[in-house]
Amino acid sequence: MSESMKQDPRFQALIRQAAASPMTRRSLLAGAGGSLILAGLAACTPSSNTLTPAKDISDTDKKLAWANWPYYIDVDETGAYPTIVAFEAATGIKVTYEEAIPTNEEFYAKVKDNLNLGKDIGYDIMTLTDYFAARMVRQGLVQPLGIEDMPNASKNLLPAYQDISYDPGRKYSLPWQSGMTGLAWSKAWSSANLTTVDQLWDPALKGKIALLDQWTDTMAVIMQSQGVDISGNWGDDEYNAAIELLTKQVQDGQVRAFTGNDYTELFKSGDIVAAFGWSGDIFTMNTEAGSDAWGFQLPTTGGFLWSDNFMIPMGSPHKKNAQALIDYYYQPEVAAQVAAYVNYVTPVAGAQQAMESIDPTLATNEFIFPTESTLSRAKALRQITPEEDKKYATLFEKAKVG
Amino acid sequence: MAFAAFADTSEKKSAEPVKKSRVVILMLLPGLAYLLLFFLAPLVSLILTSFMAPDPNSMDMGQFVYSFQWQNYVTVISENWSFFVRSFGFAILATVIALIVSYPIAYFIGVYARPWPAIQAFALILVIAPFFISFLLRTLAWKQLLGDDGWVVTTLKSASLLPADGHITGTAFSVVFGLTYNFIPFMVLPIYTSLERLDMRLLEAGRDLYASPSTTFWKVTLPLSMPGVVAGTLLTFIPASGDFVNASSSFLGGPGTQMVGNQIASNFLKILDYPAASVLSVVLMAVIMVIVSVYVRRAGTEELL
């Protein structure tokens with residue numbers, strides 16, 4: 001190397017740059033220069049550093065990507081999403097909407113490497129369920145949402161959602177849609193209402209019931225049937241008692257399957273006649289069939305209230321765009337338009353009045369706009385510690401296979 | 001083989017051998033790189049993961065650090081051995097049934113239908129046609145067909161072959177059925193290729209020497225088709241032991257039919273226990289390798305191939 005090259009200002013700048021950012025093991029391994037094998041290993045290493053939000057380039061880069069669940073937004077005959085089209089027209093922000101979340105777990109498995117390193121995961125908004133949102137918040141993987149910058153959200157978020165156990169004050173998450181876990185049944189089997197969880201354990205229903213495959217859903221409802229206040233003080237003893245009951249039912253062949261949304265298919269094929277289900281599904285199923293073939297009811301002992309929540313991953317460079325979109329959906333008219341399609345519970349105040357002009361019959365549907373008495377029968381879980389999350393999920397997975 | 005052939009036909013036979021071997025290495029590079037990237041690297045990563053220990057600084061799910069926690073193998077195997085037994089049981093059953101079903105099909109196409117190439121071609125298309133539809137969709141279709149309100153179950157019930165409260169989906173029967181169904185083409189095709197080359201004069205010679213048709217089959221046809229049988233059984237048994245679709249609750253299985261593949265998925269996705277999922281995968285691979293090598297040695301295919 002010649003002396004003149006060393007004196008070249010560009011070269012000197014490079015040296016300064018290199019000195020300013022000392023090569024850590026992670027940046028070396030994860031960098032493009034690192035061998036691929038090692039990069040793969042480094043990606044598995046959990047991040048022990050505290051992550052910081054990525055630089056926001058929203059003002060110059062008017063776009064955002066949103067990962068959501070299938071069939072979870074209004075859609076028209078051409079396959080376009082009317083509320084998103086209107087948002088793009090109003091703000092000039094280009095939205096890439098992807099049905100990228102078949103389950104919380106599968107989505108996490110796809111993005112976890114970059115997510116845990118605080119890098120861009122390709123999505124600026126992700127909509128994850130409470131128990132998973134809780135993990136994201138406590139592991140510091142999501143940016144502060146800045147609800148104070150969102151006039152509609154700060155005004156219209158219903159009081160019932162303002163404080164959630166894992167995110168008091170809603171600093172990192174805002175509900176997109178909510179729903180209730182309760183009892184679903186086929187009216188061809190029983191025209192009477194299914195009212196208690198214990199009815200599911202009737203030997204006559206052997207092999208004809210399905211439960212949900214996420215511990216929070218199933219265990220929240222079973223524990224309440226055993227008299228536990230799930231948002232209050234409970235611990236291992238209460239959980240283990242519910243696991244014992246569940247294990248016995250699985251071993252006796254009472255439970256046909258543990259499912260996600262696909263319990264609706266089991267209802268249609270006649271494999272099951274009763275199940276733990278989600279409010280919106282049953283309503284959609286009846287609408288599609290054009291009949292009233294399936295019923296849904298919160299058990300007298302209590303149902304489970306959950307939400308899927310907007311969150312901005314730490315590595316997203318489009319926070320401001322994301323805030324604009326989230327706030328847009330907190331307008332009552334827009335929320336009503338979405339609710340009319342997805343049939344889940346909307347967390348937006350005023351949406352019920354707005355719904356009256358869209359579809360008056362939906363405005364009185366208590367599974368989209370639950371009355372006080374319905375809401376009082378659906379509870380959310382108390383805050384779960386990381387140790388408990390791990391322990392309870394593991395116990396549940398064991399119980400599921402008998 | 002291919003490389004040797006290439007070397008022989010190269011123009012300058014007397015050219016410097018160094019240069020030739022460079023060409024060979026160059027040609028091998030894509031294959032080697034592929035194996036390194038997509039086989040060796042994931043395997044090393046998998047084995048390293050299987051020895052990981054929980055992160056002492058974080059009790060949260062999915063937090064692990066590199067370590068040499070060999071006890072993982074002890075705990076995971078002792079907790080999951082029954083799933084291994086079930087997986088291999090199901091896989092062996094499915095392989096045997098698939099063989100019994102496939103051999104006559106392959107014999108029909110490869111030997112019996114020889115005088116009618118059109119029928120041969122048509123039958124082959126029938127065997128391959130299912131591949132045009134996604135494996136998941138076909139399995140879901142079976143879930144509907146075998147559902148409690150489907151005609152299969154209602155007919156069996158009215159014939160009293162199934163108790164009134166009985167069902168098919170979610171049982172071991174439907175899982176083995178699904179595995180068999182899904183892997184039958186992998187069994188038929190290799191046996192067909194073996195039988196298709198069968199020299200008919202050998203069968204005639206057998207008859208001339210007063211061998212009964214069954215003796216000719218056991219002494220001539222079957223031994224000559226062994227390479228196809230071995231290939232077919234391997235192509236069925238190996239993927240069937242690791243399968244997690246058929247046995248899952250969303251398809252043909254239920255809580256009591258979960259196989260090792262389902263346990264791996266549950267550990268990996270649900271409880272984020274990556275070391276346990278890796279241990280299960282490593283053990284599954286190791287056991288399959290042992291079973292397969294014993295089987296191949298017993299079948300004595302070295303001479304046949």
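Colleague: Which faces of strand S10 of chain A are covered?
Modeller: In this predicted model, both faces of strand S10 (residues 294-297) of chain A are covered, since A:Trp294 and A:Phe296 on one side are buried, as are A:Gly295 and A:Gln297 on the other.

Colleague: And how many bridges join S6 of chain A to it, parallel or antiparallel?
Modeller: Strand S6 (residues 174-186) of chain A is joined to S10(A) by four bridges, and the two strands run antiparallel; one of the residues involved is A:Ser186, whose bridge partner in S10(A) is A:Trp294.

Colleague: Switching topic, where is A:Arg256, and is it buried or exposed?
Modeller: A:Arg256 is found in strand S8 (residues 255-259) of chain A, and A:Arg256 counts as buried because its relative accessible area is 5%, where the cut-off is under 20%.

Colleague: What does its side chain reach?
Modeller: The side chain of A:Arg256 reaches two backbone oxygens, that of A:Gly207 at 3.0 Å and that of A:Asp271 at 3.1 Å.

Colleague: Which residues of chain B does A:Arg256 touch?
Modeller: Leaving aside residues up to four places away in sequence, A:Arg256 touches B:Asp148, B:His167, B:Thr169, B:Gly254 and B:Pro255, and on the chain A side its contacts include A:Lys208, A:Ile209 and A:Ile272.

Colleague: Over in chain B, what about B:Val44?
Modeller: B:Val44 is found in helix H2 (residues 17-50) of chain B and counts as partly exposed, because its relative accessibility is 34%.

Colleague: Which patch is B:Val44 part of?
Modeller: B:Val44 belongs to a nonpolar patch on the surface, with B:Leu48, B:Tyr66 and B:Phe38 among the other members, and together the patch residues have about 940 Å² of accessible area.

Key:
Residues are numbered from 1 along each chain as its sequence is written. Chains are lettered from A and ligands numbered from 1 in the order in which they are written. This is a predicted model: local features need pLDDT of at least 70, side-chain atom pairs count only at pLDDT 80 or more; totals for chains, interfaces and linings use all residues. Side-chain values use heavy atoms; hydrogens and water are left out. Buried means under 20% relative accessible area, exposed over 50%, partly exposed in between (1.4 Å probe, protein chains only). A polar contact is a pair of N or O atoms within 3.5 Å; within protein, one must be able to donate a hydrogen and the other to accept it, and residues adjacent in sequence count only if both atoms are side-chain atoms. Contact means heavy atoms within 4.5 Å. Patches are made of residues with over 30% relative accessible area and no salt bridge: like charges are joined within 9 Å, nonpolar side chains (Val, Leu, Ile, Met, Phe, Trp, Tyr) within 5 Å. Accessible areas come from the Shrake-Rupley method with a 1.4 Å probe; for residues, only the protein chains shown count as cover. A salt bridge is a side-chain nitrogen of Lys or Arg within 4 Å of a carboxyl oxygen of Asp or Glu. Two strands pair if DSSP finds at least two bridges between them.
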